[in-house]
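Biologist: Hi! Could you walk me through this one?
Modeller: Happy to, here it comes.

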Amino acid sequence: MTITPALLEDWLRERYFTTTFDISSSGVENYTVDEVLALAGTSAASLGGIMFRDSHSLGGEPLRAALARRYGVDPGSIIATQGSSEAIYLVMHALLEAGDEVVVQAPAYHALVEVAASVGARIVPWAMRTEDGIVTNEDELIALIGPRTKLVVVNFPHNPTGATVTPGQQDAIIEACAAHGTRLAWDGAFRELVYDREPLPDPVLRYERAVSFGTLSKAYGLPGLRVGWAFAAPEVLAGCVRRRDYLSLALSPLVEAVATHAVEHADELLRPRLAQATANRKLLADWLAAHADRVAGDLPAGGVTAFPALTTVPDVTAFADRLDREHGVLVVPGNCFGRPEHVRVGFGGPADELTAGLTRLGDLLPDPS
Ligand SMILES: Cc1ncc(COP(=O)(O)O)c(C=O)c1O
């Protein structure tokens, strides 16, 4: 098996720890252990009695019960994993074989394409187009789905563009999959991070051949906890466990205990971060408007990343490297998503860091010729 290097991870691996103004991230401002435990009315002392025994292959019962209550799914349809990265890896391996046809949104978060490709699947890209943060060409996605399509993979709200679909567009995608018995993998990592709209319904609640991915890494502000999940039919989860037995076996009970508190107090964790992201999105909108002669891009409808093109910069990757090394501002160059003229800007963090980063980025943009 060969697998394509994850350019996004290569880019962030060291820079993430050394930069001054991080406006690269796809998550919100992070929480501490104490902050999570305080919401649950407890403290770190309550973790002292946890026995370091092995947990269940699908995730411990209290964590799955909390996820089931929050998202309205059956506890038997849940696997809790080491971030949603592990869930994506397991599900792709459980569902796909060499030669299978897989329709994937482009651009996409690397794992959603490259794990399927590494299994030997034939990737059929759907080049997504958007206007004002909403997809405009779902009909082209639907036209790609046929009797040979084994799996359709999408992520809404979308990393890196922040684009999403309407509930009606989501219905049309599900119906197209159902018409051919095609499985649908729906990455809802940013589900709760939406502006002026409700979170989309989870497709697993209405289509038995859907799988959805979720995570505590993005909207919940807990990326270092490394907890995500897949919701899927039990036979899909059985295929995941087969593979997990060779990978991570299970989550730590300590991690599961903190994650259970987080899910049980989801609204209290999510609300302040969504408020912060909503305010930051206004700062981003002002910045985009002020630089409209050198930056072209939509305001996101969801998530905490935007993906504008830097229209006056001849080499965006070199520019992003200099921006970090000489000015301490970290963004993600679009080549990490196969779009080298673009840059991913994260706006989920503290407002002062966002303002400092955007100001420096804007000051360095060459004049239009
Ligand atoms: C769309 C999407 N899915 C999945 C992941 C994986 O995140 P994690 O493994 O932390 O849940 C990411 C991370 O950036 C992402 O952007």
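Predicted model: local features only at pLDDT ≥ 70, side-chain atom pairs only at ≥ 80, totals over all residues.

Biologist: Let's take H3, then. How do the axes of H3 and H9 cross?
Modeller: The axes of H3 (residues 61-71) and H9 (residues 253-264) come within 9 Å, crossing at roughly 20°. An angle under 35 degrees counts as roughly parallel, so H3 and H9 are roughly parallel to each other. Their crossing is left-handed.

Biologist: Which residues meet there?
Modeller: From H3 you have Pro-62, Leu-63, Ala-66, Leu-67 and Arg-70, and they meet Glu-256, Ala-259, Thr-260, Val-263 and Glu-264 in H9. By type, the residues of this contact are six nonpolar, one polar and three charged.

Biologist: Nice. What about H10, how far apart are its end C-alpha atoms?
Modeller: They are 36 Å apart, and this agrees with the span its 25 residues should have at 1.5 Å a residue, because that also comes to 36 Å. Buried in H10 are Leu-269, Arg-273, Gln-276, Ala-277, Asn-280, Arg-281, Leu-284 and Trp-287. Those buried residues pack against H2, H9, strand S12 (305-306) and helix H12 (351-364).

Biologist: Switching topic: where is Val-153, and is it buried or exposed?
Modeller: Val-153 sits in strand S7 (residues 149-155). It counts as buried because it has 28 C-beta neighbours inside 10 Å, and 20 or more is the cut-off.

Biologist: What does Val-153 touch?
Modeller: Not counting residues up to four places away in sequence, Val-153 touches Val-102, Val-104, Gln-105, Leu-112 and Ala-185.

Biologist: Last one: where is Phe-337 found?
Modeller: Phe-337 is in the loop between strand S15 (332-333) and strand S16 (343-346). Phe-337 is buried, with 21 other C-beta atoms within 10 Å. Leaving aside neighbours within four places in sequence, Phe-337 is in contact with Pro-107 and Pro-160.

Biologist: And how far is Phe-337 from Tyr-109?
Modeller: Their C-alpha atoms are separated by 7.0 Å, though the two are 228 residues apart along the chain.

Note on methods: Residues numbered from 1 in each chain as written. Axes fitted to C-alpha atoms, helices over the stretch in contact; angles between N-to-C directions. Helix = DSSP H or I, 4+ residues; strand = E, 2+ residues; numbered from the N terminus. Parallel < 35°, antiparallel > 145°, perpendicular 65-115°, else oblique. Left-handed = near helix turned anticlockwise from the far one by under 90°. Contact = placed C-beta atoms within 7 Å. Nonpolar A, V, L, I, M, F, W, Y, C, P; charged D, E, K, R; others polar. Buried ≥ 20, exposed ≤ 12 C-beta atoms within 10 Å, placed from the backbone. Expected span 1.5 Å × (residues − 1).
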